[in-house]
Structure formats: C-alpha cells, structure tokens
Amino acid sequence: MKTTHVDKTQGNRLLLALGGVFFIVLTIGLGVIGSCLLSNSHQRYAEWLSSDAHVIVVDTGTSIFYGNPLLLIGLFIIGCYGAYIGVRGHRNQWFDKHCLKPLGGVIVAGLVLMFVGKYYGNTYWDQALKTEGYIQCNGSFALTGKWAIDVWAQSSAICMDPNLKDALRHSKGSVYKINDYYSPPENMADVP
C-alpha cells in the first residue's frame, strides 16, 4: 500500500490567509491607536503645563506605546507571510531558512523594548513635571481608584485636599478634565 505525502498548508490555506490578515489589521490598528494616544497625551500635557494647571493626571499605561514599533513591524511581517502562504498555497523556503529565526528575535526584542519604552516614557514625563515645579502626589491609586495613573500637583497641600480625592474618584467626566471642575481652596492653610 502506497502512502502519499499530504502538505498540511493546503488544507489550512484559508486559516493562514485569515490569520495573516488578522495580524496585519491588528498591527496597523495598534500602531494607529498607539500614535493617537501618545499624541493626545503629549498635547494634553503641553496644554496643562502652558496653562499652569493646578493638577496634572498622567496616564502611565499609554507610555508602553513608546517602544512598540519593533514589535509591530515583526507582527506585520508575520501577518504578511501568513497571508502569502494562504494565497500561494506553499511556504517560501528562502524566507523560512533566512528570515523566521531573526524575525522571532525581532518580536522578542520588540516585547522587551515596549517595557523599556514605558520606563523611559514615564521617566521623561516625571522629569518634565518636576522641572516645572510639580510634585507627585503620594498614593495616586488612593486618590483616583485607578492603576496606571499618576497625579501631580503644584503643592503638597493640593495633594492632601480631600476635595481633590472626591473630584478624582467621583468625576463628572474623564479624570483628565480634573482642572475643569476642581480648583484648590483659596486658603491652602485650611487643608488638613
């Protein structure tokens, strides 16, 4: 009895093409979302610093997008290769031999760079706010009830103001619009 070799990629062509398209759309979407979030953050921080805002709320979670381009490039190439296999019906031997291992290294390096970028992005904004005379409020989670958010104020008395905590925890809108509805007491000596 003669057995025939069945190429598994033939049966999975549709799955490979859809998976490739998924990775392509995912990487483009994450690139656009990350760019928009970082752009909005930079614009918001610059606006607050120029208007001498009493309180600045920094989203430390979006800073992970500072280091994501290398990861997105690696995932985009994987997606393109998956779509290529799905359409052509076979693997490219040259690509398999010369590019897949380095591409795995690019993806791992991209993951590491995301966390390095997060660290350096947060450090950059910490230094920028300290230079402008702001101090970081201790216990930002206690103030906001949210992780990945730091609260900076013009003085430690503002950080201690119970009205600030109420305004951040029970905000009428986004915590990033805190300066629209919070103003520190006229006499900061009244703050406990």
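Guide: H2 and H3 are roughly antiparallel to each other, because their packing angle of about 155° is over 145. This is a predicted model. Helix H2 covers residues 13-50, and helix H3 covers residues 69-88. Their axes lie 7 Å apart. H2 passes H3 in a left-handed crossing.

Now the residues that meet. From H2 come Arg13, Leu16, Ala17, Gly20, Phe23, Ile24, Thr27, Ile28, Leu30 and Gly31. From H3 come Leu72, Leu75, Phe76, Gly79, Cys80, Gly82, Ala83, Ile85, Gly86, Val87 and Arg88. By class, this contact of H2 with H3 has 13 nonpolar residues, 6 polar and 2 charged.

Next, the strands. Strand S3 spans residues 149-153 and is mostly covered. Of its 5 residues, 5 are buried. Ile149, Val151 and Ala153 point one way from S3. Asp150 and Trp152 point the other way. Both sets are buried, the charged Asp150 included.

S3 has pairing with two strands, S1 and S2. Strand S1, residues 55-59, runs antiparallel to S3, and 5 bridges join them. Strand S2, residues 135-136, also pairs with S3 in the antiparallel sense, over 2 bridges. Ala153 itself is buried.

Key. Residues are numbered from 1 along each chain as its sequence is written. This is a predicted model: local features need pLDDT of at least 70, side-chain atom pairs count only at pLDDT 80 or more; totals for chains, interfaces and linings use all residues. Side-chain values use heavy atoms; hydrogens and water are left out. Axes are lines fitted to C-alpha atoms, for helices over the stretch in contact, and angles run from 0 to 180 degrees between N-to-C directions. Helices (H or I, at least four residues) and strands (E, at least two) are DSSP runs, numbered from the N terminus. Angles under 35 degrees count as roughly parallel, over 145 as roughly antiparallel, 65 to 115 as roughly perpendicular and the rest as oblique. A crossing is left-handed if the near helix is turned anticlockwise from the far one by less than a right angle, and right-handed if clockwise. Contact means heavy atoms within 4.5 Å. Buried means under 20% relative accessible area, exposed over 50%, partly exposed in between (1.4 Å probe, protein chains only). Two strands pair if DSSP finds at least two bridges between them.
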